[in-house]
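Subject: Structure handover and findings

Hello,

Please find the structure below. My notes on it follow.

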Amino acid sequence: MRLPARAADLAAAFQAAADRLAVVGAWFAAACVVALTGLVLLEILVAALARLVPAMPATIHVGWEYSGYLMGAAFLSGAAFTLRAGLQIRVEILLRAGGPGLRRVLETLATLIGALVTLFLARALAELTWRTWSFGEVSQDSFTPLWIPQACLALGMALLALQMTARLATCLAGGAPSRPELGAPSAID
């Protein structure tokens with residue numbers, strides 16, 4: 001099933017917009033990974049210095065908490081770009097079993113299910129963030145307003161839901177759902 005030419009052009013424009021936002025999400029994810037690496041290295045340095053200076057604390061008080069925030073933000077913010085590059089883990093046995101027609105049907109069906117799930121999760125995370133912000137909840141350890149890390153998670157999931165929805169439009173328009181040239185080659189390639 002293919003969309004009319006005008007709808008295919010709209011699907012391509014929607015996919016291009018989703019791709020641009022996915023790149024922004026990937027850069028944010030990379031920044032989170034760099035910050036996480038810096039935090040871990042700082043934690044190691046503080047622990048080493050604490051052995052030399054006994055009065056010094058052996059850990060950064062918020063290290064574990066902020067590591068979790070950064071890890072979640074990196075994971076979800078980079079997921080949309082990973083999906084577009086075709087680097088998500090999936091089972092290929094069914095896709096390779098049939099011809100191109102079966103592959104397109106299975107790809108479209110899997111994308112539809114993925115879009116529904118990610119749209120649900122994006123909405124749930126957005127509602128959680130809103131409730132946390134409206135109640136003024138903060139972390140018990142660092143007194144960080146919890147809506148801030150939750151907003152990063154909600155935004156990352158919204159990017160993934162947008163990319164899934166654009167992927168569905170691309171599948172229906174008969175376009176290529178993945179762009180492998182965006183991803184880095186792995187050791188398996």
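A helix here is a DSSP run of H or I with at least four residues, numbered from the N terminus. Please keep in mind that this is a predicted model.

With that in hand, start at the end of α5. Helix α5 itself covers residues 147-172.

Next, the partner of α5. Helix α4 runs over residues 100-135. α4 and α5 pack with their axes 8 Å apart, at an angle of about 155°. Angles over 145 degrees count as roughly antiparallel, and α4 and α5 are therefore roughly antiparallel to each other. The crossing of α4 past α5 is left-handed. What kinds of residue make up the contact of α4 with α5? It divides into 21 nonpolar, eight polar and three charged residues.

The loop between α4 and α5 holds phenylalanine 143. Look at its backbone. Phi of phenylalanine 143 is near 60°, a positive value in a residue other than glycine. Is phenylalanine 143 buried or exposed? Its relative accessible area is 60%, so phenylalanine 143 counts as exposed.

Now the other helix pair. Helix α1 spans residues 5-52 and packs against α2 at an angle of about 155°, with the axes 7 Å apart. That makes α1 roughly antiparallel to α2. α1 passes α2 in a left-handed crossing. The contact of α1 with α2 is made up of 17 nonpolar, six polar and three charged residues.

Alanine 29 lies in helix α1. With a relative accessible area of 7%, alanine 29 is buried, because the cut-off for buried is under 20%. Along the chain, alanine 29 and alanine 79 are 50 residues apart, and their C-alpha atoms are separated by 8.9 Å.

Last, the aromatic rings. A pair of aromatic rings is described by the distance of the centres and the angle of the planes. How many aromatic pairs are there? The count comes to two.

One of them joins tyrosine 66 and tyrosine 69, with 5.6 Å centre to centre and 50° between the planes, a tilted pair. Both tyrosine 66 and tyrosine 69 lie in helix α2, residues 63-84. They sit three residues apart, about one turn of the helix. Tyrosine 66 is partly exposed, at 31% relative accessibility. Tyrosine 69 is also partly exposed, with a relative accessible area of 23%.

Tryptophan 130 and tryptophan 133 form another pair. Tryptophan 130 counts as exposed, at 56% relative accessibility. Tryptophan 133, at 45%, counts as partly exposed, because exposed starts over 50%.

Best regards

Definitions and conventions. Residues numbered from 1 in each chain as written. Predicted model: local features only at pLDDT ≥ 70, side-chain atom pairs only at ≥ 80, totals over all residues. Heavy atoms only, no water. Phe/Tyr/Trp six-rings, centres within 6.5 Å; stacked < 30°, edge-to-face > 60°. Helix = DSSP H or I, 4+ residues; strand = E, 2+ residues; numbered from the N terminus. Buried < 20%, exposed > 50% of the residue type's maximum accessible area, 1.4 Å probe, protein only. Expected span 1.5 Å × (residues − 1). Axes fitted to C-alpha atoms, helices over the stretch in contact; angles between N-to-C directions. Parallel < 35°, antiparallel > 145°, perpendicular 65-115°, else oblique. Left-handed = near helix turned anticlockwise from the far one by under 90°. Nonpolar A, V, L, I, M, F, W, Y, C, P; charged D, E, K, R; others polar.
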